[in-house]
Amino acid sequence: MRPLLLALAAALTLSACGDGRTPLLVYSPHGKEMLRAYEEAFEAENPTVDVQWIDLGSQEVYDRIAGERANPQASVWWGAPQTLFMRAAADSLLQPFAPSWADAVPATARDADGLWYGTFLTPEGLLYNTSAVAEGEVPLDWDALLDPAWRDRILIRSPLESGTMRTIWGALILRQPTVEDGYRWLARLDQNTKGYAANPTQLYLRISRGEADLTLWNLPDTYLQAQDYPFGFHAPDSGTPVLVDAVGIPAGAPQPELARAFIEFVTTREALMRQAVDFHRIPARTDIAASDLPDWMGEGTFTPMDLDWDRLSAEEATWMQVWDEQIKGRGAEYLAEHPAD
């Protein structure tokens, strides 16, 4: 039912612009706070444009764009791990463009054919309830999550719809000697997991209410939600996945020129510095001085995990299918059926 409701919402959104303005539809997982801020800012400078956005999980955005291939609705895809943009590029779902700052991001943070470009660097780690977990009790590294002391104290955002969680799951598999060892690690984590939240809002509310004490999540959203909830963040000591959060234009986008203008608007140096302060986003561009950014973005805040992003992008769908069909809610059974050699 959810895809039908979202399709109806998109149709109503696109038809709602009866004041003569040109609609510009943006798909994004960046959250209503950031999306609303840039809707208002862009419209203030472009009064003939009506920015409309749909806030979705990264995987949900990819699925919508793929499903709308024959009749594209969105003009901008703003935000998702580079692994999803890599898949979209391979599936011919994106069109090339060249922002003015293209040369300011390293080759590892952009598509060689100009189909997507990195905007932010997003570390993944542990979000915990500071009212329930003292700082000295926070797990220092990933493997500590498997300790029986965390049984039923961990709540996980459902990975199927979330680019953040898919990246974390893929990284946790790749840090093991084999994929099978990675599956067993996730099965052990499943044994300690109290449940799986359908969306970030449920995740935040349930942890803030004390239904669980900890989750695996990203740094920017943790810091943003800490304004309202008792949340803290820890980057695991052995290393954390640092994904490249990217932006692109769907192939056949209805407003490609406006899309390029919007992307330029939200990626100026001034915009990125504001996003760093207000929304805790680490710019991917290398031409912004550290002195222009919050102190916590300096070196030493976290240790990036060395990952094969090409492999993660190529094999992620298979890994997720195995997890969903064999491991989720069945961790103990999976371990019994797949003992270590």
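Hi everyone, let's start in the largest nonpolar core, which has 59 residues; those touching the most other members are Tyr38, Val76, Trp77, Trp78, Trp116 and Phe262. Helix α9, residues 256–266, supplies the largest share of this core, with six residues. Please keep in mind that we're looking at a predicted model.

Let's stay with Phe262 for a moment. What does Phe262 touch, if we don't count residues up to four places away in sequence? The list is Leu24, Val26, Tyr38, Phe42, Val51, Val76 and Trp78. There is also another core, lying apart from the largest one; it has 46 residues, including Leu127, Val138, Ile168 and Ala212.

Now over to a pair of helices. We describe two packed helices by the angle and the distance between their axes. For α5, residues 163–174, and α11, residues 309–327, the axes come within 9 Å and cross at roughly 100°. The two helices are therefore roughly perpendicular to each other. And who meets whom? On the α5 side we have Arg166, Thr167, Trp169, Gly170, Ala171, Ile173 and Leu174, and facing them in α11 are Trp309, Arg311, Leu312, Glu316, Ala317, Trp319, Met320 and Trp323. By type, the residues of this contact divide into ten nonpolar, two polar and three charged.

My last stop is Thr122, which sits in strand β5, residues 116–129. Is Thr122 buried or exposed? Its relative accessibility is 5%, so Thr122 counts as buried, since the cut-off for buried is under 20%. Leaving aside neighbours within four places in sequence, Thr122 is in contact with Asn218, Pro220, Pro241, Val242, Leu243 and Asp245.

Definitions and conventions: Residues are numbered from 1 along each chain as its sequence is written. This is a predicted model: local features need pLDDT of at least 70, side-chain atom pairs count only at pLDDT 80 or more; totals for chains, interfaces and linings use all residues. Side-chain values use heavy atoms; hydrogens and water are left out. Helices (H or I, at least four residues) and strands (E, at least two) are DSSP runs, numbered from the N terminus. Buried means under 20% relative accessible area, exposed over 50%, partly exposed in between (1.4 Å probe, protein chains only). Contact means heavy atoms within 4.5 Å. A nonpolar core is a set of buried Ala, Val, Leu, Ile, Met, Phe, Trp, Tyr and Cys residues joined through side-chain atoms within 4.5 Å. Axes are lines fitted to C-alpha atoms, for helices over the stretch in contact, and angles run from 0 to 180 degrees between N-to-C directions. Angles under 35 degrees count as roughly parallel, over 145 as roughly antiparallel, 65 to 115 as roughly perpendicular and the rest as oblique. Ala, Val, Leu, Ile, Met, Phe, Trp, Tyr, Cys and Pro count as nonpolar, Asp, Glu, Lys and Arg as charged, and the others, Gly among them, as polar.
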